[in-house]
Amino acid sequence: MVIVEVVLETYDAVDFTAWPIAEPSSDRLLALSGRMSPADVGTAMAVIFSYNNIPVTHAADLTEAHLRQHLAETEGLIAPGGLRFRDTTTNVNVSPGCCFGLENWRDWWDVARGQESWLGHDPTPHITHVGHVIQLRQNDEDSPSIEITRGELSSLLTAAQQHFSGFLDLAQQWAAITTPGLADRLISALDEYFMITEAFSSSGGLATR
């Protein structure tokens with residue numbers, strides 16, 4: 001069986017002290033879902049703030065004005081990570097490539113539609129279309145592959161959105177306690193720029209507004 005996780009690289013949370021964070025995993029990848037601990041949510045938020053160069057020394061100092069100013073200057077939020085696929089039978093993993101941010105996770109819909117898509121590098125996800133079957137490999141064409149159909153990938157992307165939405169719910173609870181001065185705007189910005197809850201269209205991607 002193939003499963004998918006929405007993962008965030010946690011290198012940017014190193015030495016972060018503005019609020020409690022969790023101990024990093026050995027691979028420095030944090031899976032986002034509705035089952036995270038408060039410390040894990042704190043780690044995710046620490047990465048997002050640090051990666052976007054939003055200065056924070058104490059959580060209580062953050063206000064909606066800080067976030068509005070940042071968004072006005074940068075026009076968005078980005079984060080290192082993406083989707084990680086794992087075959088639970090063979091234990092083959094395909095992790096997101098460098099420079100393919102979490103904000104681009106919906107680009108996998110292009111793959112589900114049979115298209116080629118750049119998905120980052122080092123480690124580089126390789127994609128081969130064989131009819132309606134998609135072969136996913138890490139780093140090179142000689143690596144073990146994960147094989148799924150386009151329909152299965154579509155279902156996995158729906159599952160990824162559910163995981164991401166579960167994280168957003170926990171982030172809202174976390175923000176109400178930890179950063180109450182910008183909680184509403186922060187959650188709105190996360191949903192907007194990472195395109196978490198917006199419905200997929202019938203052909204994948206974003207629904208027509």
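1. I3 is partly exposed, at 23% relative accessible area; partly exposed sits between buried (under 20%) and exposed (over 50%), using a 1.4 Å probe and protein chains only. I3 lies in strand β1, residues 2-9. Beyond residues up to four places away in sequence, I3 touches R84, F85, R86, T88 and L156, where contact means heavy atoms within 4.5 Å. I3 and P38 are 35 residues apart in sequence, and their C-alpha atoms are 24 Å apart in space.

2. A word on the source: this is a predicted model, where local features need pLDDT of at least 70 and side-chain atom pairs count only at pLDDT 80 or more, while totals for chains, interfaces and linings use all residues. Residues are numbered from 1 along each chain as its sequence is written, and side-chain values use heavy atoms, with hydrogens and water left out.

3. Now the helix packing. Helix α1 (residues 38-51) meets helix α4 (residues 150-178) at about 95°, with the axes 10 Å apart. That makes α1 roughly perpendicular to α4, a label for angles of 65 to 115 degrees. From α1, the contact uses P38, V41, G42, A44 and M45; from α4, it uses F167, L170, A171 and W174. Eight of these residues are nonpolar, one is polar and none is charged; Gly counts as polar here.

4. The largest nonpolar core has 63 residues, and W19, L32, M45, W108 and L190 have the most contacts inside it. Such a core is a set of buried Ala, Val, Leu, Ile, Met, Phe, Trp, Tyr and Cys residues joined through side-chain atoms within 4.5 Å. Helix α4 gives the largest share, 11 residues. As for W19, its contacts outside four places in sequence include G42, M45, A46 and F49, plus W174, T178 and T179.

5. Helix α5 (residues 183-193) has A183, R185, L186, I187, A189 and L190 buried. Their cover includes α1, α2 (64-74) and α4. Just past α5, M195 takes a positive phi of about 50°. Helices here are DSSP runs of H or I, at least four residues, and strands are runs of E, at least two.

6. C98 is partly exposed at 32% relative accessible area, whereas C99 counts as exposed at 56%.

Methods: Axes fitted to C-alpha atoms, helices over the stretch in contact; angles between N-to-C directions. Parallel < 35°, antiparallel > 145°, perpendicular 65-115°, else oblique.
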